[in-house]
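Subject: Structure handover

Hello,

Here is the structure I promised to pass on. Please open it alongside this note.

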Amino acid sequence: MIAHPPKVVSDTRFMNAPDTPFAFDAAIAAAARQVEARVITWRRDFHQNPELGNREVRTARIVADHLRALGFDSVQEKVAHTGVVGVLKGGLPGPVVALRADMDALPVVEETDVAFKSTVKTEWNNMHCGVMHACGHDSHTAMLMGVAEILAGMRDRIPGTVKFLFQPAEETPPIGEDGGARMMVGEGCLKNPDVDAVFGLHVTSIFPTGMIGYRSGPLMASADDFRIFVRGTQTHAAMPWRGVDPIVVSSQIVLGLQTIVSRRMNVTKEPSVVTVGVFHGGVRHNIIPDEVKLEGTIRTFDEEQRNEIHEHVTRISELIAQSGGATAKVHIHRWYDVTVNHPGLTEWSVPTLSRIAGAANVRVIDKLCGAEDFSFFQKEVPGFFFFIGCTPADRDVSKAAPNHSPRFYVDEECMKLGVKSLAGLALDWLAANRG
Ligand SMILES: [Zn+2]
Ligand SMILES: [Zn+2]
């Protein structure tokens, strides 16, 4: 049971079991075996040449060239700066399904010892940094290129259209730039032809290779950050009564913010998190400073609770500051919405994934407090986002470096399952919904 289902277009159309559920399985499996070596080659190339958000120029060119070589009906480049949208029309009439892969890397200095390790350095937000595919988006892009090749090879038999969304800047664009899924949607990537359902996946080191994790309804959190500037009055630390101490006031604010989740949120509805990660103020032991800056993050699994928390953060900060004779200016930046899997589409997808991965390898997982801008596609059309494990089966997942770590490691063996899953979901969905 999902407490808060998203806006539902029509549940019933996702409940039709595919009329030919096994028709494509053998063909997909054979094609996935054939393309596997190339998927690995592409992935290693992207891994060694990672690019940050809105700078995925080389990656996007390789993707676009590949789709054109496969004879796609249209290949649109520079979508939301560096995105690529490819359209593959099947030989039979039917609806439109979209598959999404993100392409960007992270400002991280790689510490793995793979032969194709990244040594790339760049400038990012006015800082010199390393660049690494520490979230596995290199594998996502390579997998979706593999899916494109498989589906192009059987296009005559496809009842409908498959749209390929190669997305930039999932890890956020550089400061001052727009980007990512929200911008792609704004530029019409789900229109013309209009997309009826969207699928996407993410690799994760918390599961072993071969495992698929999913969840109906809210799966990943909304992510917003806040900055609070607490202004007091500077004075000598030996004579605090002559000023207003923003360090003491800010400490009270930090404690006040702890009461939002513990005292104000209905914890039986959804969990949430409010964390202060930065507390900056002062220059010397015997001076009370003028100002303290606090920074933090807010995570929720429900859009109403998200708005409520924003109000609480602002009110608590302002009124505690006021009570101490100081002022607080609160800035909250909304980043990503809650990633909500459409319940009907999720229920529909599980048998396909079970067939491909084996039922024992497909499991319901806990919510994740990380965020994903796949949520912006899901706000427009029913969407299903799932995880595939990428830690080698003989390693302990509890010790595996997490996504975003400089030692994050993707077992390339997992990519074949990802390719088969996305291809299988797209074809099953088209077959089941061709009307
Ligand atoms: Zn990431
Ligand atoms: Zn990611």
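A term to start with: a cavity here is a set of grid points where a 1.4 Å probe fits but cannot get out, and its lining residues have an atom within 4 Å of a point. Keep in mind that this is a predicted model.

**Confidence**

The protein chain averages a pLDDT of 95. Of the residues, 95% score at least 70. Residues 1-13 fall below 50, and that stretch has 19 contacts in the model beyond near neighbours in sequence. Residues 15-19 also stay under 50. The model has 12 contacts for them beyond four places in sequence. Where pLDDT is low, the predicted coordinates should not be read in detail.

**Cavities**

There are 2 cavities of 30 Å³ or more.

Two helices, α1 (25-48) and α9 (414-432), each supply at least two of the lining residues. The largest share, 4 residues, comes from α1. The lining of the second largest cavity has 5 nonpolar residues, 2 charged and no polar ones.

**Zinc**

Which residues coordinate the zinc ion (ligand 1)? The donors are C135 through SG, E171 through OE and H404 through NE2, at 2.0 to 2.3 Å. Their spacing in sequence is C-x35-E-x232-H.

Where do C135 and E171 sit in the fold? C135 is in the loop between β5 (127-130) and α3 (137-153). E171 is in the loop between β6 (159-167) and α4 (180-186). The pair therefore ties together parts that are 36 residues apart in sequence.

C135 has 8%, so C135 is buried. E171 has 17%, so E171 is buried too.

Best wishes

Notes:
Residues are numbered from 1 along each chain as its sequence is written. Chains are lettered from A and ligands numbered from 1 in the order in which they are written. This is a predicted model: local features need pLDDT of at least 70, side-chain atom pairs count only at pLDDT 80 or more; totals for chains, interfaces and linings use all residues. Side-chain values use heavy atoms; hydrogens and water are left out. pLDDT is the predictor's confidence in each residue, from 0 to 100. Contact means heavy atoms within 4.5 Å. On a 1 Å grid over the protein atoms alone, a cavity is a set of points where a 1.4 Å probe fits but cannot get out, and a pocket is an open set with protein on both sides within 12 Å along at least five of seven lines; lining residues have an atom within 4 Å of a point. Grid points are joined across faces, edges and corners, and a volume is the space filled by probe spheres set on the points. Ala, Val, Leu, Ile, Met, Phe, Trp, Tyr, Cys and Pro count as nonpolar, Asp, Glu, Lys and Arg as charged, and the others, Gly among them, as polar. Donors are N, O and S atoms within 2.8 Å of the metal (3.2 Å for Na, K and Ca); water is not among the atoms, so sites may look incomplete. Buried means under 20% relative accessible area, exposed over 50%, partly exposed in between (1.4 Å probe, protein chains only).
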